[in-house]
Amino acid sequence: MPLERFYEINEPLSIDTCPKCSKKVELIFNDYKIKIDEYTIEVKDLPQLECANCSHQVLSSKSKQLIMYLYQECKARNQLGVQTTPKKLNKRYGFCERFNFNYDYRDYENIPGLTGLANDGFLTPVFFKKEALIYFMHHPEYELNLFSESYGVFGYKDEFEVPFGLNKNDKLILWLVDLEKLDDSTLKYLEIHNVASDHIIMDTSFYDAQLNVIWSEPIIERQIINLRNKAYDLLTSKHGIDLHHLEGEVIKSLEDIEKPILYNENEIKSVISALHKILIEAVNTKALKTYYESVVDKKEKSYKEWGSIKYYEFLLTQFSAKPVRELIAPLYLLNDLRIIFFHLLSSEREEKLKQNVITTLGLTSFNIKEIYLRLNERLKELFEELTIALEDI
């Protein structure tokens, strides 16, 4: 490979996206071999940036500098190649030195956007088990807010507030410099949950907000409610159907919409209950019945006894061309889950409801986390479709 070509394909990434497909890259450590002109260079465990979508790899700026140094050395010494392994220096930075937190200086040196002019380790990511957040979520003197699926803040009284991220491996991420702001009691608790870096940080709302100033979408639970509100407003403005009902109770229920951390039953139950109240119970069925009577000539005998889900189903047949049965299914599942979690049932009845949830969501077992994640995806699809269909009319 000519030297010019090496420069071309390893253009330093100033941003965190793949030059081929524009998806996110993440830091990896792989063996690397290249022939530049007549010189063959082999490096073990070299930091590189790999696209999670297409697997395209480029060198980090630091690694590119190393390869160029080795190339120049081969050229100066008139040797045809070199094999080497970069030394892992266990470099430490001058923040929060009173605690020996585990972090990897190579993250700071190789992940785009982290190094600054001072090169002092300011934005070194430090990784923890995400279970650490449970303590801050439930302790009365701490406050924790999760703004999106992977970005939030926690604070203690008026003494500090720091941002945090969650990556796809369920690791909690804090900046090393922010650990400096925390009191010893908080640091001692975090130290118990400190884990080795997995180098996954760029594909998070935390990174986007902190480095790229890109504001993240709300957590999916809030997105669903926002879509529900938008659909209701469109129904009112375009068709005179006001579905808003028990708005005071809806506002109270919003307080129970918190992003689960561990996705256990105790966390999920309160959110299921709140979503049920907002999406199913807080619906003006009288307005829907009036609309049904005004547009349907041949009415079903039981329509006066319909609940909100059945009327949602009717609305979808009116405004959407997509298969209604599949779209409406998550509301029935939401109702099933509320019954499972909050009603006293026979074992046969409970098992039947659980099996319906499993089958409808395409799962193999009653895995609460998977059920919760897929249910929210389906609820979002439902209200997205309703909103889009109403906008197009």
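A salt bridge is defined as a side-chain nitrogen of Lys or Arg within 4 Å of a carboxyl oxygen of Asp or Glu. The structure, a predicted model, holds 21 of these. Local features require pLDDT of at least 70 and side-chain atom pairs pLDDT 80 or more, whereas totals for chains, interfaces and linings use all residues. Residues are numbered from 1 along each chain as its sequence is written, and side-chain values use heavy atoms, without hydrogens and water.

Asp 104 and Lys 88 form a salt bridge at 4.0 Å, N to O. Both lie in the loop between strand S4 (81-84) and helix H3 (105-110), so the bridge ties together parts 16 residues apart in sequence. Helices (H or I, at least four residues) and strands (E, at least two) are DSSP runs, numbered from the N terminus. Asp 104 is buried at 7% relative accessible area; Lys 88 is exposed at 57%. Buried means under 20%, exposed over 50% and partly exposed in between (1.4 Å probe, protein chains only).

Arg 98 pairs with Asp 184, with the closest N and O atoms 2.8 Å apart. Arg 98 is partly exposed at 45%, and Asp 184 is partly exposed at 37%.

Asp 178 and Lys 181 also meet in a salt bridge (2.8 Å, N to O). Asp 178 is buried, at 6%. Lys 181 is partly exposed, at 47%. Elsewhere, salt bridges with shared partners join Asp 45, Lys 88, Asp 104 and Arg 106 into one network.
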